[in-house]
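Q: I have not seen this structure before. Could we go through it together?
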Amino acid sequence: MTDNIWQTAPLSTTIDHVLQRFHETHRQQAESILPLAEKVSRVHADKISADLLPLLQQMFAELESHMQKEERVLFPMIKNGMGSNAAMPVRMMMLEHDDHAAAIAQLLAITDNLTPPADACRSWNSLYAQLNEFVEDLQNHIKLENEILFPRALNE
């Protein structure tokens, strides 16, 4: 679905989309990416940034915490018609989105924009391909919430 649909879709439908398309996807991505990152970091410790695995562990832990706050506090407020009273939770989520964007920038910096070396093994190539998809999904997730869902919820 295009962003235009979310401009007019019921907020509860948009939230359900975020939960299914992004929250569940990010959880699946963590289950796949973290073990692969551990393997690649262990096998290629002499070539890969030592910061990669700790950064990914931190990113996914913070993302999980963030998603739980949305699921337990913010999204129920919006679904119950209390979005106009959610300025503080929205502000906190947007600050956390800024933190996620900073972590993405750090990830891109230490991985040469997710470009594996020419002699990278299949696992390393797979890791970077999955990370590329994760970064794109997370950026789209943040954009949908910051630019469409949150402003609409606050104005209802």
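Q: In what order do the elements of the chain run from the N terminus on?
A: This is a predicted model, in which local features need pLDDT of at least 70, side-chain atom pairs count only at pLDDT 80 or more, and totals for chains, interfaces and linings use all residues. Residues are numbered from 1 along each chain as its sequence is written, and side-chain values use heavy atoms, leaving out hydrogens and water. The elements run α-α-α-α-α, where helices are DSSP runs of H or I with at least four residues, and strands are runs of E with at least two.

Q: How many strands are there, then?
A: The chain has 0 strands and 5 helices.

Q: What box do the C-alpha atoms fill?
A: Along the principal axes, the box is roughly 55 × 30 × 20 Å.

Q: And how much of the chain is buried?
A: Of its 156 residues, 44% count as buried, that is, under 20% relative accessible area with a 1.4 Å probe, protein chains only.

Q: What about contacts between residues at least 6 apart in sequence?
A: Among these contacts (heavy atoms within 4.5 Å), 79% join residues at least 24 apart.

Q: Changing topic, how many side chains are positive and how many negative?
A: There are 12 positive side chains (Lys and Arg) and 22 negative ones (Asp and Glu), with His and the chain ends not counted.

Q: Where is Leu95 placed?
A: Leu95 lies in helix H4, which covers residues 87–110.

Q: Is Leu95 buried or partly exposed?
A: Leu95 is partly exposed, a class between the 20% limit for buried and the 50% limit for exposed. Its relative accessible area is 46%.

Notes:
The place of a charge is taken as NZ of Lys, CZ of Arg, CG of Asp or CD of Glu.
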